[in-house]
Amino acid sequence: MRKDILAGFISATMGLGAVALIAPANAAPEVPYAEGQIMVEFREPEVAADVLRRHGLEKGPRIGSTDALLIGVPEGKEAKLVDALSRNPAVEYAELDHLVTPATDDEYFARQYALQNDGQSFTNTNGDISVAEGTADADVDAVEAWSVTTGSGVKVAVLDSGVANDNNDITPKVAARANFTRGESGDDNYGHGTHMAGSVSATADNTEGVAGVCPGCQILDGKVLNDSGVGSSSSLANGINWSVNNGAKVINMSLGVRASRTLESAVNNAWNNGVVLVAAAGNGGNQTKIYPGAYPNVIAVAATDNKDAKASFSTYGAGWVDVAAPGVNVYSTFPNHTFVLGTQNNRSMGYDVGNGTSVSSAIVAATAALAWSSDPGATHTSVRAEVESTADKIAGTGTYWAHGRVNAGSVVK
Ligand SMILES: [Ca+2]
Ligand SMILES: [Ca+2]
Ligand SMILES: [Ca+2]
Ligand SMILES: [Ca+2]
């Protein structure tokens, strides 16, 4: 079993997905299609075999729950046979099997259900996690958001274990770094922060890896968790203040700690300076509050899966958990050097899945950043209200969180 991540004093809340667009039914002939097969539905199924035989073809299997059959044809004859069969009165329709193409060319975009869920199933890089088919559109509509904005350089502070200095998909997005841990390098040797930063703003459409929800955003890398994934309230408070002073519009805190007057003071100072704060609700699977998420000025985030169901590990409670976002088997970036979470969880260098409300928090932070970039008149108050009020309500989750699963496509309208 994977290990959900919520370690230590302050602990990271990740114990630690993809997209394809289906070509329209009446797509022009130049749209690429699968060779050697076409799709045919018959008005009268009992004559199917006869009709096909007259074209030198054999009956094929039904396609999923549809009444269409997948018919094998000689390569190169696909269009000709579609034409011929379409003219046969026994045939309801015949069509080419157009290729599903991703909305970005990033290698693993088809696994990023959190951004665009087409009901895809996938296996992770190591091949040790197979994710079953999800529910189409149980996602944050990132692709729809990108037609309005991809982030316009909005700065998102990721207060975490650092961001790797050797992953081309995310390293170039780091606008500033600061290290609030004691005696460790600023690099991410734990692995958690790199995954969060990738969910926020991994470079889209560069053929590599993944895409972040806000690929045009910049990252402020505040390392507050050490190389074991542990930090302190004071290091977090320092990181919050540094983020404010360095132009963060959103601060992501995929971590949890006990209540602290110092921490609350830093949170309130950031909010009063116009920054939106987002934090994980925790991976306890219960209703126990963790901080900073439970502070009123922080958006607390629960986790959903690729069917829009609450993750079993997710902390919940509509009294203080505000929204939800995908947090189960979410694809993102990892360091390209060895890291602790990789050792603990058998995760690959470079890219792999992560689980936890940590991941969900990062997705909500990116969604807030898209809201900022779409509205020149936005304020921290309006951005938070937009993220919460436009979240998709999910039937049956009313007691889990106050609003819904966030929708990036809706916040940018
Ligand atoms: Ca969608
Ligand atoms: Ca949608
Ligand atoms: Ca990429
Ligand atoms: Ca809160």
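Predicted model: local features only at pLDDT ≥ 70, side-chain atom pairs only at ≥ 80, totals over all residues.
Residues are numbered from 1 along each chain as its sequence is written, chains are lettered from A and ligands numbered from 1 in the order in which they are written, and side-chain values use heavy atoms, with hydrogens and water left out.

Two packed helices are described by the angle between their axes and the distance between the axes. Here, α8 covers residues 357–374 and α9 covers residues 380–389, and the two pack at about 120° with their axes 9 Å apart. Helices are DSSP runs of H or I with at least four residues, strands are E runs of at least two, and both are numbered from the N terminus. The axes are lines fitted to C-alpha atoms over the stretch in contact, with angles from 0 to 180 degrees between N-to-C directions. That makes α8 and α9 oblique to each other; under 35 degrees would be roughly parallel, over 145 roughly antiparallel and 65 to 115 roughly perpendicular, with the rest oblique.

As for who touches whom, Val364, Thr367, Ala368, Ala371 and Trp372 of α8 meet His380, Val383 and Val387 of α9 (heavy atoms within 4.5 Å). By class, this contact has 6 nonpolar, 2 polar and no charged residues.

Next come the cysteines. A search of the whole structure turns up 1 disulfide, meaning a pair of cysteine sulfur atoms within 2.5 Å. Cys214 and Cys217 form this bond, with their sulfur atoms 2.1 Å apart. The torsion about their S-S bond is about 65°, so the disulfide is right-handed. Both cysteines are buried (under 20% relative accessible area, with exposed over 50% and partly exposed in between, using a 1.4 Å probe and protein chains only).

Most residues other than glycine have a negative phi, and most peptide bonds are trans. Asp205, in the loop between α4 and β9, has a positive phi near 60° and is partly exposed at 48% relative accessibility. Asn346 sits in the loop between α7 and β17; its phi is positive as well, near 55°, and at 43% it counts as partly exposed. Finally, the peptide bond from Tyr291 to Pro292 is cis, with omega near 10°, and Pro292 lies in the loop between β13 and β14.

Methods
Nonpolar A, V, L, I, M, F, W, Y, C, P; charged D, E, K, R; others polar.
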